[in-house]
Amino acid sequence: MNTSTPWRGLWRLSLLILALVVSLGLAQTALAQADPGREAAIAVPALDADVWRQVKNGETGPNYRDSRFDSNYNLINASGETWRQLRDRWVSPFGVIVILGMIAVIGLFYLVFGSKKLDEPRTGRKLLRWSLVIRSLHWTVASLFILLALTGLNLAYGKAIFRPLFGDGFWAAMMSGTKLIHNYLGPLFGILLVILLLRLLAHNIPRKHDLAWFAKGGGLIGKGHPDAGFANAGEKLWYWLLATAGIAVIVSGLVLDFPNYGQGRDTMQWANIIHAVGAFGLTAVALGHIYIGTLGTEASFEAMATGYVDESWAKEHHNLWYEDVKDQAVPEEQLAATRPHSRGEEPTPRSG
Ligand code: HEM
C-alpha cells in the first residue's frame, strides 16, 4: 500500500472544508449586499429601536461614546429638530407678517388720516425738550438699531433672497460681513440702550392720565387732545417695550454672541427663538415710532433734531408738561443767537 494515500485524502478533505467555508462567507456577503438592513444588523448587532431611543435621549451606551458630553451634544439632536421646526414654521413667518403688516397698517393709516397737523399756528417761541446728550444718545441708539435690524433681517431671510440672485460666492461674503457687523454692534447697542433707558426713566413712570390717553386713542377718538405729561402714554408704551422686550433681545443676543460660557445647545436654541421673536416685534413697533416721529406728526421731528419744540406743539401734545415749563419759552430769534441749552443742559422742570 502506498503511504502517501491517507495524507492525500486528508489534504483533499482540508481543501473541501476550506472551499465550503469561503463559499459560505461569500454567500453571506452577497446576501448582505442584497439586503442593506441585514448588513447593518450584521455589522452592529445591537442597533435596534431601544438603542436609537437611548441615543436620542442623549444616553451613552456600549456601542457609542459622546466625547463632548459636557456640551449637551447628542448623536441625534432631537431638540435641534424641534428648534428648526419652530423657527421655520412659526418664527420666520411671524417676522414677515409682523413687519410687512406694520408697513401696510402705517400706509393705510397715512392714507386715511394723513399727517397730524398743529391745530394752532406756531407761536415762534421755543421750549427746550431734549438736551444734546439725550439727542446724541437717541440718534446713536437709533442708527445702531437700524443697522442691527437690517443685518438681522439679512441673517434671517437673506439666504432665500440674495443667494439665488447673486450666487454662492457673493452671498457667502455678504453673510460673513453681515454676521460680523451684527455680532459686534449688538453689545454696543445693548450698553447704549440701557444708558438711554436709565436717563429717560423719570419721564416714563405710568400715571393715571395715561389710561385716558389710551381710551382716547391718543387723540384720534373724540374731541380734543388727551392729557399728557413730558411723555405721552404712547411714548411710555414704546419706552417700556424697549425696557422689557429690548432687554430680552439684548440678553438673548449676548447668550448667542458668547457661546464660550458653558451654555448648552438647548439654552442657545431658546435664546435664538426669544431673540428673533423680540427683535422682529421691536422692528415692527420701531417702524410705527419712526412714522409718528417724522411723517405722522407735524413738528415732532424738530424735537429730536434741534432739542426745541414750538409752544403750540407742546400745548397740544404734552399739555401737562407745557403748564410746568411755559415760563421758560424763548423767542426763536433769541435762540438762534445764543442756543444756551443745546450744549447739554437738561430741560426743567418736568411732568410725567
Ligand atoms: C430714524 C428713526 C427714528 C426717528 C426719526 C425717531 C424720532 C424720535 C422723535 C422725534 C422723538 C421725540 C418725540 C417727542 O419729543 O415726544 C423720539 C423719542 C424717542 N425715541 Fe426715537 N426715533 C427713531 C428711532 C428710534 C429707535 C430705533 C429707538 C430705539 C431703539 C428710539 C427710541 C426713542 C426713545 C426711547 C424716545 C423717547 C420717548 C420717551 O420719552 O419715552 N427711536 N424719537
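**Helix α6 against helix α8**

I began with a pair of helices, and α6 passes α8 in a left-handed crossing. A reminder to myself before going on: this is a predicted model.

I then looked up the geometry of the pair. Helix α6 covers residues 168–200, and its packing angle with α8 is about 150°, the axes lying 10 Å apart. Angles over 145 degrees count as roughly antiparallel, so α6 is roughly antiparallel to α8.

Which residues make the contact between α6 and α8? From α6 I listed Asn183, Gly186, Pro187, Gly190, Leu193, Leu197 and Leu200. From α8 I listed Tyr239, Leu242, Ala243, Gly246, Ile250, Gly253, Leu254 and Asp257. Sorted by class, the contact of α6 with α8 has nine nonpolar, five polar and one charged residues.

**Helix α8 against helix α9**

Next I followed α8 to another partner. Helix α8 spans residues 233–257 and helix α9 spans residues 265–296. I noted an angle of about 145° between them, with the axes 8 Å apart. The crossing of α8 and α9 is left-handed.

I wrote down who meets whom. On the α8 side are Trp238, Leu241, Ala245, Gly246, Ala248, Val249, Ser252, Gly253, Val255 and Leu256. On the α9 side are Thr267, Met268, Ala271, Asn272, Ile274, His275, Gly278, Ala279, Gly281, Leu282, Val285 and His289. The class count for the contact of α8 with α9 is 13 nonpolar, nine polar and no charged residues.

**Around the ligand**

How many residues surround the ligand? I found 22, and the closest are Ala142, Phe145, Tyr239, Gly293 and Ala303. The elements giving two or more residues to this shell are α5 (132–166), α8, α9 and α10 (300–306). Which element gives the largest share of the shell? That is α9, with five residues. By class, I have 13 nonpolar, seven polar and two charged residues around the ligand.

I stayed with α5 for a while. Val133 sits in helix α5. Is Val133 buried or partly exposed? Val133 is partly exposed, because 14 other C-beta atoms lie within 10 Å. Val133 and Arg199 are 66 residues apart in sequence, yet their C-alpha atoms are 9.8 Å apart in space.

Phe162 is also found in helix α5. With 16 other C-beta atoms within 10 Å, Phe162 is partly exposed. Leaving out residues up to four places away in sequence, Phe162 touches Trp171 and Met174. Met174 is 12 residues from Phe162 along the chain, and 9.0 Å separates their C-alpha atoms.

**A loop residue with positive phi**

Most residues other than glycine have a negative phi. With that in mind I stopped at Ala299, where phi is near 75°, a positive value. Ala299 is placed in the loop between α9 and α10. Ala299 counts as partly exposed, because it has 17 C-beta neighbours inside 10 Å.

**The chain as a whole**

Last, I stepped back. The protein chain has 13 helices and three strands. Of its 352 residues, 18% count as buried. Among contacts between residues at least 6 apart in sequence, 73% join residues at least 24 apart.

Conventions: Residues are numbered from 1 along each chain as its sequence is written. This is a predicted model: local features need pLDDT of at least 70, side-chain atom pairs count only at pLDDT 80 or more; totals for chains, interfaces and linings use all residues. Axes are lines fitted to C-alpha atoms, for helices over the stretch in contact, and angles run from 0 to 180 degrees between N-to-C directions. Helices (H or I, at least four residues) and strands (E, at least two) are DSSP runs, numbered from the N terminus. A crossing is left-handed if the near helix is turned anticlockwise from the far one by less than a right angle, and right-handed if clockwise. Two residues are in contact if their C-beta atoms, placed from the backbone, lie within 7 Å. Ala, Val, Leu, Ile, Met, Phe, Trp, Tyr, Cys and Pro count as nonpolar, Asp, Glu, Lys and Arg as charged, and the others, Gly among them, as polar. A residue is near a molecule or strand if its C-beta atom, placed from the backbone, lies within 6 Å of it. Angles under 35 degrees count as roughly parallel, over 145 as roughly antiparallel, 65 to 115 as roughly perpendicular and the rest as oblique. A residue is buried if 20 or more other C-beta atoms lie within 10 Å of its own, exposed if 12 or fewer, and partly exposed in between; C-beta atoms are placed from the backbone.
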